[in-house]
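Hi there,

Here is the structure I promised to send over. Have a look at it first, and then read my notes below.

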Amino acid sequence: MSASADYKKLASIYDALDSGAHRAALQTCNKLLKKNPKSQIIRALKSLALYRSGKLQDASQECDEVLKEHPTDHDVLSTLALTLRQLTRHGDAVNMYEDAFKKTPNNEELGVQTFFANIRVGSWKAAQQISLKLSKAYLSNFRYVFWSATSAYLQAGDPATAPAVKPMLLTLALRMLSQLPPAQDSLSSPEKLSLHIEILLSYDEPKLQDAYDLLSSERGRSLARFSLAIEERRSEIWLKLKKFPEEKELSEKKLASGDRNWLTFLSYVQSITGLCSSLEDEPSTSLANDAFSLLSSLASKDGETERGAHLAVLELSTSIKKLNKDSITIPQPLPDAIRAYFDLFSNKPCCFEDLKPYIVELVDEEKEAVSSFLASQKLSVSTSNELRRTVNVIKFVRYMQLGSSDELEDGVRYFQMYLTALPLGRNLPTTELQPADDLALLAANCFVQSWADQGKRNLAPLHQAMVVLEFASQHSATNFQVRLLLIRIYILLGAYSLAVQHYKKLDIKSVQNETLSHFILSRATSFSLANNGDLSVLEEAVLASQIYQENINDTPGLLIKVFLNEKYSQIPGFILFEDRLDRSLQRHLVKIDQLRMRLLVEPPTHETLPAEIEDLDLMHFGDIVRHDNRDYSVLPHYQRRGISVEEQLSAGPRQTAHWYSVFLKIYLRAMNRAFDPAFSSPMLFSPSRGDGHDLTEGEALLERYSDVLGSCLHPPSGSVNAKDVTDKYFAGSGAGVRSQALANGKGANGDVPSVATSERDSATLDDALQLVDELTQKVTRSTEGDSLPWEVLHSATLAQEAFVLFDIQSHQFGPVGWNGKSKKTDPLWLSIKAARTTICEKLKTLASLLQTYATSHGSEETRAKFIEDSNSLYSEEEHGELSDFAATVWKNYLHARQVMFENMSNGLRNIAEEKRPNA
């Protein structure tokens, strides 16, 4: 059967694949291949059936067999390309299409598919060459010219392109566009014009004048009227060229015609400001007053239906003020403009966020005027409008630091106002937010601030915030801000399972896993119970990482659709999206934590180490830029100006690329040394860049421990006296482990492997044990003092990690010593074994401490104190049901924390007693 055989003979295979009956498809392929063993299409379909049946290696081998025959049939190529893409063999798919196109250069469809294959892998140079060839072969199809120009533009923007080549590529792209006939040139559609403009602006010195000439033409102006993206670019170019009179005139015409786009208002204000900065005092004042008159008349006309003109008045007041030209007098000073806006829109939830940028610009006297105005406002929650107005007043009072200094009292007051206002939303559907939600968030912010003011040690305010937010989440199930605050608080309090429950209720999807997963996965290893067989945290990390594979699989296909539909303005966005996900900092932070958690379950072996090292090597690209896409702005920030609730509730310093680099190096060094004792790398053994501000005290200790361990557990070179080796490893320890190691040896003068000179000649195994002791003492101090529960867990898991690293790096010393002696008689091995025993004993001690901590923090006395703290939130006569609710919250919280510490205790014991789940 040839590739063009009757479709009926292949229909059963296609039907089976489409319906998910992959085994049936495979059986049919095998049956047909008995009659037609050389059929490329059947073998290509078989490779796809094998892949979908989970037989990846067989599928790859089947693809290889067909590729050897250099197929050119479209059906064969498309089927193989589908399988190769799913096997992530994108390079082979490109080579396959390029080879086929060389054999049939007159096949237009094959040329297009070859172009797309290169687009998928970001090979812009090859894509440009292929599309250029197509444009010359098919002169009537002008889209190939734009494909070629776009490919050259994308190649110029590629970081791998040499700086000297960039202007040449951009010039090439412009030359191709300039040779098109008028009916097909870049002014024939908004998308083509957008591409042309982006090319002009991509030079190191943007060709602003050329872009201006293009857009100021009659056809250019016509297209700008129908494309907001082009109009935005046009305005940007006009302002950069200081075409202020023209921009002013254009903006006025649009505003007069009813345009209320904020970009139009902004362009108008910027053009006025630009003109005022260059004119004399009197003309400037006249111009500013005229602008105020225009915007004020528009604001009066729009009333409460549109906010744009009102905000433009504020923007103009602020911009004129920033000119520092005292001679310019304006009819409405900034405080008056703020008051006017507040009077009109204070019954809208957006009022605070709208005015916040302008509040920042107030000087002392102006602040006093606004403060007096806010102090005169009556606080009432009787109606929805009064509630929203009250909420906005409170937000401003807190932000401007105008209220009382008693955060605890304010928190209780705001929560009681919340309870009073709650009935206003009693008839709303359960999917709607409650009107009073912001009062609960404000109360929680107050309690968090009170906790921070008390040194973050008295947990009572955090417990109160927990009750308030849990109550709010019951009445407003879809309020994500309430749940995000609860997640942060539960993590600090060691009730990680409750944090996960609220995180799951957020129903995070798609790219939100990139921007929001840090709320639950930051330092996730500190809460992982993988050492006790609970893989839930590891599973969350795996689920959050699926977006990155989806990006690899789906974004190239979307990019191809953009090319097919000639939506050139969208191409840079897709490229940027793909790059930001591919080089995401959060992606790599999660991947490091996945490794750390996985090693608690599956200690590496000599057989698995190569794969682990290869995986780590793929993550290590030296100084490559990591994009930080994590979103912290979604937390409700209602603290005083300059104070961040995100920083207050953060479990340790925010992790950065430096943190990632530190832990990547720790494991790369450990695993490489374990597999190859002679391994050395200046980059990996050099100090990490950065000041360590993103490391906790325990993480900094672990980094030092890793450095010392890598130094003292070093490859051998020759033979020395057994006592010398042991002294090298246990210098200064005297008795204890050192004596045990010597006592277990065959004698003090036996030949054993020496320890080579390392990066830190003075480092000894005794130094490493001292750092382990510091880590364990830190746990002890945490359990005995008033440390936060998460800090106890964090310190304990770092001590556990110290054992894991020791286990990995001691891997190089077995199973038989270098001089051929058995481990049982090798003093060096006995020294390492003794040190291992010491670390295990410390872990057992920590396990007992955590068990005691879990029991003592769940006492009746603790419960009574929590209920007492909660009672201050409400009046027993009016809201007595809250007492039962608070008791339930406490019960759930106590149980979650106790289970967390008990399971962590059991996990540490498992590690110490060699009972890891898959060890």
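This is a predicted model: local features need pLDDT of at least 70, side-chain atom pairs count only at pLDDT 80 or more; totals for chains, interfaces and linings use all residues.

Residues are numbered from 1 along each chain as its sequence is written, and side-chain values use heavy atoms, with hydrogens and water left out.

The chain comes to 45 helices and 2 strands (DSSP runs numbered from the N terminus: H or I of at least four residues for helices, E of at least two for strands). Of its 919 residues, 53% are buried (under 20% relative accessible area, with a 1.4 Å probe and protein chains only).

Helix α23 covers residues 407-421 and spans 21 Å from first to last C-alpha, close to the 21 Å expected (1.5 Å times one less than its number of residues). Its buried residues, including Y414, F415 and Y418, pack against α22, α24, α25 and α45 (contact means heavy atoms within 4.5 Å).

Now to S188, which sits in the loop between α10 and α11. It touches A183 and R219, leaving aside residues up to four places away in sequence. The C-alpha atoms of S188 and R219 are 8.2 Å apart, although 31 residues separate them along the chain. A polar atom of the S188 side chain also lies 2.5 Å from the backbone oxygen of D185.

Best wishes

Definitions and conventions
Buried means under 20% relative accessible area, exposed over 50%, partly exposed in between (1.4 Å probe, protein chains only). A polar contact is a pair of N or O atoms within 3.5 Å; within protein, one must be able to donate a hydrogen and the other to accept it, and residues adjacent in sequence count only if both atoms are side-chain atoms.
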